[in-house]
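Here is my note on the model you sent. Please read it with the structure open.

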Amino acid sequence: MSTQDLEIELRGDQQEVAIVRLTRPAKRNALNDALVLALKDMFDHLPESVGAVVLDGQGDHFCAGLDLSELKERDAGQGVHHSRMWHSALERVQYGRVPVIAALHGAVVGGGLELASACHIRVADETTFYALPEGSRGIFVGGGGAVRIPRLIGVARMTDMMLTGRVYDAAEGERVGLAQYLVPAGQAFDKALQLALVVAKNAPLTNYALMHALPRIAEQPADQGFMTEALMAAIAQSAPEAKARVRAFLEGKAGKVQKSA
Ligand code: 1HE
């Protein structure tokens, strides 16, 4: 599925970071069906060299959510299929091959917040604001938000956002866990790129474990979680790359952990 509203650009010495950008600024990067399917396709077919993605939105807003002009009369069955289409696309983002870092600015609302919450790291600049206007539009989240957003901020905060139309500003968003980083206006992309270049250099199996094992372990009953963790740890440390990295540290050839400046 192709659309002019999505572009990809490779960065880094080894082309190890893909910038995936929503390019529909005139509509505040609202997601129509073609764009949702194009996202799915893009994340299914990332170039081999890519080890991390920065997800960005062109213009002043990250994403205004579902394209409301497409919200036509659907019967219940069509509504289920439409929501499941979003689920399958955003699942490719969350459970794809490489970590995804969202560069947030301006509106991160409705389906835009659902998309952001499928990413692994969210970097927000000071212009960012978060809302779930579905409540006031008489609809419900349908892009996985009911599953992912409470895991970030809790059921009570999401309920409040939808019942009252509460808008979180960038600082509040970072405080409650919607974003892990808060940076000055206009700097979200640069920070996200800087992080992506680091993430892309991790051992692939470590990134895989963090994306695919950690969220599942966190949902398991503790005794099962401990077992899954042990299995994942054993697999990761048996990889030749893990052994080489540990050896490099012991030989004084790898960086120490340092407090940030
Ligand atoms: C849109 C959309 C959209 C803008 N669908 N066309 N999402 C919302 O309810 C959010 C609706 N949007 C807004 O509240 C505002 O547009 C913004 C706060 C994001 C930006 O405001 P502003 O003043 O910069 O832009 P604007 O003038 O409101 O919009 C510019 C154009 O984008 C305008 O079209 P134009 O043809 O008149 O120029 C808008 O109609 C259009 N536009 N947002 C369609 N969302 C899987 S279920 C998920 C369910 C949801 O996501 S519900 C929440 C939907």
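The points below take the domains, then the ligand.

1. Ground rules. This is a predicted model, where local features need pLDDT of at least 70, side-chain atom pairs count only at pLDDT 80 or more, and totals for chains, interfaces and linings use all residues. Residues are numbered from 1 along each chain as its sequence is written, and side-chain values use heavy atoms, with hydrogens and water left out.

2. Domains. The chain splits into domain 1 (6-199) and domain 2 (204-250). These bounds come from an automatic or database domain assignment. The C-alpha centres of the two domains are 27 Å apart. Domain 1 gives 10 residues to the contact and domain 2 gives six residues; contact means heavy atoms within 4.5 Å.

3. Buried area. About 640 Å² is buried between domain 1 and domain 2, with 53% of it from carbon and sulfur atoms. Buried area is the accessible area (1.4 Å probe) that two parts lose on being put together, summed over both. On the domain 1 side, Tyr95, Pro99 and Arg151 lose the most area to domain 2, together 61% of what that side buries.

4. Salt bridge. One salt bridge is counted between domain 1 and domain 2. Arginine 151 forms a salt bridge with glutamate 219, and their closest N and O atoms are 2.6 Å apart. The term needs a side-chain nitrogen of Lys or Arg within 4 Å of a carboxyl oxygen of Asp or Glu.

5. Ligand surroundings. The ligand is surrounded by 22 residues, the closest being Lys27, Ala64, Leu68, Gly111 and Arg137. To be near, a residue must have a heavy atom within 4 Å of the molecule.

6. Ligand atoms. A side-chain N or O atom of arginine 28 is 2.9 Å from an oxygen atom of the ligand. A polar backbone atom of glycine 111 lies 2.7 Å from an oxygen atom of the ligand. For alanine 64, a backbone N or O atom is 2.8 Å from a ligand nitrogen atom.

Note on methods:
Polar contact = N/O pair within 3.5 Å; in protein donor to acceptor, adjacent residues only side chain to side chain.
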